Amino acid sequence: CWPQPVASRCREAAVAPVDMTFPVPPELDDVEAAAFFYPFHLAYLGLHERARLAAGETVLVHAAAGGVGSAAVQLAVAAGARVIATAGGDEKLAVARKLGADVTIDYRRSSFVDAVVEATDGRGVDVCFDGVGGDVMLQSLRCLARNGRHVMVGFASGIEAEDVPMITGRMLCFGNITVMGVILS
């Protein structure tokens with residue numbers, strides 16, 4: 001199938017687990033369908049399967065102008081959530097706003113923790129969608145509301161930082177928070 005031109009659809013059979021197959025909308029060509037699959041699938045698994053995001057909740061999305069982050073913004077908006085998005089620079093913040101983010105924060109200019117606390121009137125967010133990790137994860141835990149859920153979906157800050165113990169039991173208990181991960185496999 002691969003050597004054929006992209007414009008023609010593959011018509012050959014393939015063996016795959018049924019839960020990892022999806023119909024391709026007819027308006028997407030093969031390249032567009034492949035680009036759509038990964039970020040939206042990962043964002044959906046993180047927000048809906050793991051964090052159980054509900055309408056009316058507030059979600060913090062890091063790296064909101066990137067592939068997975070931008071998919072998370074769109075899926076959270078579609079679910080009826082209020083979206084607070086972080087990104088670096090005016091152009092990326094504009095992308096997040098165009099996708100539906102209610103609040104955008106340039107993490108390069110100010111503390112996203114302070115901005116989230118202000119944007120939520122001190123309550124915090126119900127869900128943090130984190131594709132960055134490292135110190136961003138630690139700071140994000142300070143942004144969670146009581147019973148908040150933190151979803152790790154990637155390590156843009158470098159996977160090495162993820163091997164350093166960071167979370168204490170006190171932090172989890174006093175906030176009654178949940179930390180979870182998601183990976184496509």
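In the predicted model, the buried residues of helix α2 are V68, G69, S70, A71, A72, V73, L75 and A76. These buried residues pack against α1 (30-50), β1, β2 (82-87), α3 (90-98) and β4. The helix itself comprises residues 67-78, and its 12 residues should span 16 Å at 1.5 Å a residue; the C-alpha atoms at its ends are 17 Å apart, which agrees with that expectation. After α2 comes G80, a residue with a positive phi, near 85°.

Strand β4, one of the elements against which the buried residues of α2 pack, covers residues 125-130. Of its 6 residues, 6 are buried, so the strand is largely enclosed by the rest of the structure. Strand β4 is joined by 3 bridges to strand β1 (residues 58-61), and the two run parallel. Within this pairing, L60 has C128 of β4 as its bridge partner. A further 5 bridges link β4 with strand β5 (residues 144-152), again in a parallel arrangement. Here D130 is partnered by M152 of β5. Together with helix α5 (residues 135-141), strands β4 and β5 form a β-α-β unit, which is right-handed.

The loop between β4 and α5 contains G131. When neighbours within four places in sequence are set aside, the contacts of G131 are with V153, G154, F155 and A156. A separation of 11 Å was computed between the C-alpha atoms of G131 and I183, which are 52 residues apart along the chain.

Residue D106 belongs to strand β3 (residues 103-106). Its relative accessible area is 8%, and because the cut-off for burial is under 20%, D106 counts as buried. The side chain of D106 makes polar contacts with backbone nitrogens at two positions. One is the backbone nitrogen of R108, reached at 2.9 Å. The other belongs to G89, whose backbone nitrogen lies 3.2 Å from a polar atom of the D106 side chain.

Key
Residues numbered from 1 in each chain as written. Predicted model: local features only at pLDDT ≥ 70, side-chain atom pairs only at ≥ 80, totals over all residues. Heavy atoms only, no water. Buried < 20%, exposed > 50% of the residue type's maximum accessible area, 1.4 Å probe, protein only. Helix = DSSP H or I, 4+ residues; strand = E, 2+ residues; numbered from the N terminus. Pairing = 2+ DSSP bridges. Right-handed = clockwise from strand over helix to strand, strands pointing away. Contact = heavy atoms within 4.5 Å. Expected span 1.5 Å × (residues − 1). Polar contact = N/O pair within 3.5 Å; in protein donor to acceptor, adjacent residues only side chain to side chain.
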